[in-house]
Amino acid sequence: MARAFASILWRGVGFFIVLELMLVPALLYWPDFDKHVAKFRAMAPLPVMRNIIDTLETGGVFAYVTGQHFFKGCNTLGVAAAVLLSVGAVAGEAHRGTLEIWLARPVSRWRLLTERYVQGAGALCIPVFATTLTIPALLERVNETLPYGPLMWSAAHTCLLLMAFYSLGFFLSTISRAPLSIAFVLLFFSILQFAIYLVEKATHYSLFRLTDVERFLEIQKRGGLDPRLAAPLVLVSLALYGASLWTFARRTP
Amino acid sequence: MIEASEGRVVARGITRRFGEKLALAPLDLEVGPGGVTGLLGPNGSGKTTLMRILIGLTRPDAGEASVDGARLEGDGLEIRKRCSYSPGEIALYGELRGREHLEWLLRGRDREARERGLELARRFELPLERRVHAYSHGMKRQLLFAAALAPRLRVRILDEPSEGLDPTKRSVLLEMLREDAASGTTILLSSHHLGEVDRVCERFVFVHQGKLVAVESAASIAARANRLLRVSYAPSDGLAALLEALRVRLAPLARQVSVRESELLVELAGDDPRAVLQALAQHAGAPAPRALEFGRASLSELYRDLYGVEAC
């Protein structure tokens, strides 16, 4: 457990650092963005992008922060992290031949898999919350203030989508011996989802509509998660985790 | 429902199929309590699949099993608590030091097991502070074996524990096995080194194409070896017909007579080969044998001769 924990911990720390490195310059750029928003709109090549900029302008600093941190940072890096943290969970062990010794100890498969699932989920979600906690302090540097509440609810909402991706990767890992193949498939899928998001007529079919700036503005308005969005995401993750347990219980080394 | 009792390994009707391949036909097995039982058979005969099923790593398609009183149920956790296992594959976590890896392997065991594991590793002179990626194949095997022998349990299942070891380390391993067996542990041992199997096992279970083909004790093996007569002829035209004629002629004088290529294999009913030799000498047209062996056969030769099965 310590071995897996150390490995996951380093990946989580790495994810936190990269997220924060993206967040700091983005937030410090806010005054310039606010001043030149009309120019950005003029430069945007696609209608969907112009709509995003319109939303950022009307939503103010909260929209800008959530757009930069959750929509851009967490959706791109987060999905990559979800894939990297999940695909090796079981398939990685099978790929390097250590599945047999991992399973041969007197520890139940349910426990082995749950430990790994929770560790990966922690490494994925804790950096999202941790970086979100630094936002108010960073905003003070540009003379802006935001309360923690809506930001943390937005972080929770982002984590729900990331967890769905993570759970999908985790499930595929329990039925495969090829982590790299799963990673490529999932990354291709996520890039496809981003591509769909940018197409005006298809944008509503993209999964990333679930975590775009409009959703975060709704969260700010509600003062909490929208159960119509949150519940399906939670159910998807739970169903995939349950399926992972079922397939892992039958997995042959 | 099978009887589940302490120190015993019992399997009834165990079947396992991987796609089209039938890895284990309905197989029955009883081992222990106590003693070292050798599980022998050629590659792909089903030994590893059987061991993995017994330890709960692979689910059987049908059948039931128990190890040290624990029935094979669910993911086999109860069995793994009562039985240690040394896997045939030796992929380890190279980034861990030997000591850390030993502790990792012994997760779920008590403190005494961890201390004993370290003691056994020291007997192998393993460099426990070195990272495992720097270990040789044999050193990795020794680490797995030390972990399997460390917990004080009544049953151990060891899949080729000596594979890749040099003769000195193999002797140390066999000595440890003997000590463990002397304390009453039941050991099911798979190995391709028939010489060492011969040295430590009291019982032999032969598996071929997923089926159990023979169960023998060391004493019965020795007795059979003493009754096996092998007569080899130089290849020639008409040899096949001659050997067939000899087989028919000798059949009433022996327990079993079989022909393999240019050899005649005779399992005598008793210890005295003279009647068979006399019949051979008197057979019209029989050429002089090229070689004649009696009373000395290795374990592998014996099984090849008796069962037509390559032991390893």
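Me: Domain bounds here come from an automatic or database domain assignment. Residues are numbered from 1 along each chain as its sequence is written, while chains are lettered from A and ligands numbered from 1 in the order in which they are written. The model is predicted: local features need pLDDT of at least 70, side-chain atom pairs count only at pLDDT 80 or more, and totals for chains, interfaces and linings use all residues. What distance separates the centres of domain 1 and domain 2 of chain B?

Reply: Chain B splits into domain 1 (9-217) and domain 2 (227-294). Its C-alpha atoms fill a box of roughly 75 × 45 × 35 Å along the principal axes. Taken over C-alpha atoms, the two domain centres of chain B are separated by 41 Å.

Me: What percentage of the residues of chain B count as buried?

Reply: A residue is buried if 20 or more other C-beta atoms, placed from the backbone, lie within 10 Å of its own. Chain B has 312 residues, and the buried share is 44%.

Me: How many strands does the secondary structure of chain B have?

Reply: Helices (H or I, at least four residues) and strands (E, at least two) are DSSP runs, numbered from the N terminus. On that basis chain B has eleven helices, and its strands come to 14.

Me: Which residue takes a positive phi in the hairpin of β1(B) and β2(B)?

Reply: Strands pair if DSSP finds at least two bridges between them. β1 (residues 9-18) and β2 (residues 21-31) of chain B run antiparallel, joined by seven bridges. Across them, Arg16(B) stands opposite Leu24(B). Two residues lie between the strands, and the positive phi, near 65°, belongs to Gly19(B).

Me: Which are the edge strands of the open sheet in chain B?

Reply: Four strands of chain B make this sheet, in the order β12-β13-β11-β14, with antiparallel pairing. Pairing on one side only marks the edges: β12 (254-260) and β14 (291-294) of chain B.

Me: Which residue in β13(B) is the bridge partner of Val259(B)?

Reply: β12(B) pairs with β13 (residues 263-268) of chain B over six bridges, in the antiparallel sense. Val257(B) stands opposite Val266(B). The hairpin has two residues between these strands, with Glu261(B) at a positive phi near 55°. For Val259(B), the partner is Leu264(B).

Me: At what angle to β12(B) does helix α9 of chain B run?

Reply: Axes are lines fitted to C-alpha atoms, for helices over the stretch in contact, and angles run from 0 to 180 degrees between N-to-C directions. Residues are in contact if their C-beta atoms, placed from the backbone, lie within 7 Å. Helix α9 (residues 239-250) of chain B lies across β12 and β13 of chain B, and its angle to β12(B) is about 175°.

Me: How do the residues of the contact of α4(A) with α10(A) divide?

Reply: Helices α4 (residues 47-87) and α10 (residues 179-198) of chain A pack at about 170°, with axes 9 Å apart. Therefore α4(A) is roughly antiparallel to α10(A), a label for angles over 145 degrees. Ala, Val, Leu, Ile, Met, Phe, Trp, Tyr, Cys and Pro count as nonpolar, Asp, Glu, Lys and Arg as charged, and the others, Gly among them, as polar. The contact divides into twelve nonpolar, one polar and no charged.

Me: Which helix gives the largest share of the side of chain A that touches chain B?

Reply: The contact takes 17 residues from chain A and 20 residues from chain B. Three residues make up the largest share on the chain A side, and they come from helix α6 (residues 99-103) of chain A.

Note on methods: Two residues are in contact if their C-beta atoms, placed from the backbone, lie within 7 Å. A residue is buried if 20 or more other C-beta atoms lie within 10 Å of its own, exposed if 12 or fewer, and partly exposed in between; C-beta atoms are placed from the backbone. Angles under 35 degrees count as roughly parallel, over 145 as roughly antiparallel, 65 to 115 as roughly perpendicular and the rest as oblique.
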